[in-house]
Amino acid sequence: MKSKRAQEATTAAEDFLAVDDAPVEKKKRKRGDDEPTEVKRKKAKKAKEAKETKEKKNKKDKSKYNKETRKEKKNKRKDLQDLPEEDKEEENGHAAEADTKARQAPDVGDEKKDEKKDKKDKKDNKDKKDKKDKKDKKDKKDKKDKKDKKDKKDKKDKKDKKDKKDKKDKKDKKDKKDKKDKKDKKDKKDKKDKKDKKDKKDKKDKKDKKDKKDKKDKKDKKDKKDKKDKKDKKDKKDKKDKKDKKDKKDKKDKKDKKDKKDKKDKKDKKDKKDKKDKKDKKDKKDKKDKKDKKDKKDKKDKKDKKDKKDKKDKKDKKDKKDEKEKKDKKDKKEKKDKKDKKDKQDGSEPPKQDQHDGEKPEETAAAQGSGAQDARPSRFIVFVGNLPFTATASSIEAHFAALKPVSVRCLKNKDDDRPCRGIAFVEFADAGAMRTCLDRFHHSEFEGRRINVELTAGGGGKTAFRRDKIRDKNKKLDENRGKRIEKERAAKEEGGGARDEGHGGGIHPSRLARNPRLAG
């Protein structure tokens with residue numbers, strides 16, 4: 001950047017330089033060459049005067065540019081002070097150069113050759129300087145590019161090394177973690193295997209102990225029975241001997257005693273046989289009960305899981321419902337409060353709530369249901385429970401065929417393919433057939449299961465009123481059954497065993513199996 005002074009010096013120097021640098025051409029002959037000498041002199045004189053005026057003017061302009069006012073110098077010094085150090089030095093250098101150029105500027109009277117030479121030298125110096133600057137700039141740029149490339153390469157290498165190191169560290173951590181997980185899994189598996197072996201061993205030991213105990217109990221029972229039999233035989237023998245001795249003394253008493261003894265023996269044999277049968281039945285029943293208990297336990301576990309899930313779902317639904325109800329109550333309360341405030345402002349009391357609004361409609365519905373049921377014609381229906389899942393309406397109707405049931409309705413689950421879910425309703429034509437069914441078919445055998453025959457209430461549903469009604473009916477039924485059993489027993493004792501042994505005096509075999517005292 002050139003200073004103002006340097007620029008002014010260069011412009012002043014250029015004003016004194018010859019402008020016409022074009023090559024000198026050969027002068028052509030003009031028409032003016034043939035003019036007279038006086039005309040030529042006049043023209044030469046005028047040209048000389050014009051040249052002199054021009055030179056004077058140029059000299060005046062040069063002196064004008066070289067002179068500077070104090071104010072301009074002061075401003076230049078001020079501008080130089082405001083610039084930074086590097087720019088100041090550069091500005092001072094340019095100013096000094098401009099001053100030297102201004103001092104060395106040739107006068108107007110110098111030769112044209114010197115002017116052309118200086119101009120050419122300046123131009124050459126400028127070109128060389130420009131080329132040098134361009135070369136320096138290019139070198140600097142190349143160096144900078146090389147440095148940037150090198151820096152980028154170094155950064156990339158560092159990054160690659162770091163990435164490789166991170167990957168290696170991650171891989172090592174992962175391998176360590178996998179090894180640890182494998183070891184933990186192996187330890188858990190070993191612990192589990194040990195625990196399972198121990199449990200199996202404990203179960204086996206318990207089973208062996210139980211088996212030994214059962215064998216010992218059976219053996220003890222058998223030994224007791226053998227001892228009792230031997231004792232009974234010995235007692236019989238002794239009695240017989242005594243009886244023989246006594247018979248010799250009194251034949252008539254002997255005959256009477258013998259008859260009594262025969263009766264007694266028959267009775268004892270029958271009791272023994274009954275006891276033995278009871279024992280066998282009890283053993284079978286115990287085995288069956290164990291199996292049933294196991295099945296029930298499994299079912300109970302499944303049911304408990306299902307119930308827990310259902311309880312959870314119900315609880316969630318209940319919580320949502322409670323939240324909704326609380327919100328509704330709150331809204332109602334707010335509405336009521338607003339209404340009360342409005343009524344108070346109007347000067348009237350809020351209307352009182354009906355005392356019967358909070359009552360539950362369950363009792364009313366139950367009362368209406370009972371009234372409607374009384375209005376209907378009577379139906380004679382019994383509830384049959386504990387049925388096998390393979391039971392069908394036709395098989396149940398065949399079981400109760402002696403009483404000619406009117407209809408049989410076997411209930412089943414919607415999501416299950418089995419024909420029955422273990423319960424059914426059987427309807428009869430009259431009350432007599434229904435009572436006979438309750439007496440004779442309760443606890444009877446149906447496809448290997450003891451079924452329950454009980455009273456029910458019409459209408460369906462699971463209301464508390466209906467459940468209480470069914471419970472009261474069946475409670476009364478059980479009391480009547482107990483009374484009837486007592487009466488039958490008393491009648492049997494009075495009759496002296498005159499009932500038929502095959503049918504127990506008109507009592508169903510299933511009843512006899514359930515109540516052995518009726519057969520005795």
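Trainee: How many disulfides does a search of the whole structure find?
Mentor: A disulfide is a covalent bond between the sulfur atoms of two cysteines. The cut-off is a pair of cysteine sulfur atoms within 2.5 Å. A search of the whole structure finds 0. Now the ground rules. This is a predicted model: local features need pLDDT of at least 70, side-chain atom pairs count only at pLDDT 80 or more, and totals for chains, interfaces and linings use all residues. Residues are numbered from 1 along each chain as its sequence is written, and side-chain values use heavy atoms, leaving out hydrogens and water.

Trainee: Is C420 buried or exposed?
Mentor: Take the cut-offs before the case. Buried means under 20% relative accessible area, exposed means over 50%, and partly exposed lies in between (1.4 Å probe, protein chains only). C420 has 2%, so it is buried. C437 is buried too, at 0%.

Trainee: How many aromatic pairs are there?
Mentor: A pair of aromatic rings is described by the distance of the centres and the angle of the planes. Rings of Phe, Tyr and Trp (its six-membered ring) pair if their centres lie within 6.5 Å; planes under 30 degrees apart are stacked, over 60 edge-to-face, the rest tilted. The whole structure holds 2 such pairs. One of them joins F400 and F441: tilted, 5.1 Å centre to centre, with 50° between the planes.

Trainee: Which parts does that pair tie together?
Mentor: F400 is in the loop between helix 8 (393-399) and strand 2 (407-410), and F441 in the loop between helix 9 (431-440) and strand 4 (445-446), so the pair links parts 41 residues apart in sequence. Helices (H or I, at least four residues) and strands (E, at least two) are DSSP runs, numbered from the N terminus. F400 is buried at 1% relative accessible area, and F441 counts as buried at 10%.

Trainee: Which way do the side chains of strand 6 point?
Mentor: They alternate along residues 452-455.

Trainee: In what sense do strand 1 and strand 6 pair?
Mentor: Two strands pair if DSSP finds at least two bridges between them. Strand 1 (residues 380-385) and strand 6 are antiparallel, over 4 bridges. N452 in strand 6 is the bridge partner of G385.

Trainee: What does A424 touch?
Mentor: Contact means heavy atoms within 4.5 Å. Not counting residues up to four places away in sequence, A424 touches V382, F383, V384, L387, I396, R409 and C410. A424 is found in strand 3 (residues 424-428) and is buried, at 0%.
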